[in-house]
Amino acid sequence: MLEILGIALLCMFNSKAAKARGRSGGAAVGYTIALWIGMEIVGAIIGALVSQGSMAGAYVFGLVFALIGGGAAAVIARLGEVRAIPQAPWGPGYAAPGYPASYPPGPYGAPAPPAPPGPYQALGQSGPPPPPPPMPSGPAPAPAPVPASIPGPPAPGDQPVVWQDRRSNGSTYRSHRADTLYAAAEALRAIATPPPNTYYVADTPDGSLGRDLFGFFTEAPLKTTALAVKPGAQPAAPVGAVSLTAFGDAMKSQASVAALKSAGRYASFVLQLECGHCGYKSPVETQQGEFERQCYSCGTVNQTRRGTINVLTGSGFVEI
Ligand SMILES: [Zn+2]
């Protein structure tokens, strides 16, 4: 009975240790049991031979060998380095020049990112900021009923944005056609954070950019070269990007990208690339290592880099 409890505890500890190193917990349980029982049988046979058939000899040798087997399993489960769950260094509103290749230690104990500034401030938008919302004195008023299609604020140099609604399986899809990714990004940023199960998608000739309650998303690769940019813009020679920053809830965004990827679907982690030429923040698809993206506003090629992001999901770590 005690022995079964011992194996169970060791299996639990070894499984946890293996998982923390990005390996299978089930496999750790497997070799823990195999090593324990296998070594116990070998020990019992040797003990019986050495002590000329004595049960006590077989028992003592069996126990000692089982402990050696269990110890070996514990060592195997602890091989390699513990992989920390990455902490987004660019929490909402936090700008990190040149995305760091390595992360600060795990999310626990890491300093909290600064409180996010309002979206207009964070975006460095040139227009006048909206007036601050009045401080509610009593209970919040009930939200107004949502009309079928909401005209948003006009995108610069464009017609007023009208979102076409489509409902499917309890979700609302609001789509809009834009001429450029620049106009798409402006239209998507101008809306308030969407409620759950509401997806805005702005379709452009260079690809479709979406927004949900976590931030920006894409469902297929965006074009990265020869983009249509803001009318009249003049691209400059390639520059280094100023920063890559998150928009919305970066941790939830990463989790959602990881979940889609592990389900075999297309997903890319979108961050705002701050242009080294004009300062505009383009929501671009990112990848690990060095990459280049054209600024949606001026068309200048920006060079940047992003570290590896491993997200812990139900089925282990997923690199995004
Ligand atoms: Zn630019």
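A: A residue is buried if 20 or more other C-beta atoms lie within 10 Å of its own, exposed if 12 or fewer, and partly exposed in between, with the C-beta atoms placed from the backbone. Glycine 22 has 14 C-beta neighbours inside 10 Å, and therefore counts as partly exposed. The model is a predicted one, and in it glycine 22 sits in the loop that joins helix H1 (2–20) to helix H2 (25–50). In space, the C-alpha of glycine 22 is 9.7 Å from the C-alpha of valine 318, although 296 residues separate the two in sequence.

Among the contacts with a separation of 6 or more, 54% are between residues 24 or more positions apart.

The confidence of the prediction also deserves attention. The mean pLDDT of the protein is 82, and 76% of the residues score at least 70. Strand S9 (residues 281–285) has the highest confidence, at 98, whereas helix H4 (residues 119–123) has the lowest, at a mean of 44. Over residues 85–112 the pLDDT is below 50, yet this stretch has 61 contacts in the model beyond near neighbours in sequence. Residues 115–126 likewise stay under 50 in pLDDT, and for them the model has 15 contacts beyond four places in sequence.

Key:
Residues are numbered from 1 along each chain as its sequence is written. This is a predicted model: local features need pLDDT of at least 70, side-chain atom pairs count only at pLDDT 80 or more; totals for chains, interfaces and linings use all residues. pLDDT is the predictor's confidence in each residue, from 0 to 100. Helices (H or I, at least four residues) and strands (E, at least two) are DSSP runs, numbered from the N terminus. Two residues are in contact if their C-beta atoms, placed from the backbone, lie within 7 Å.
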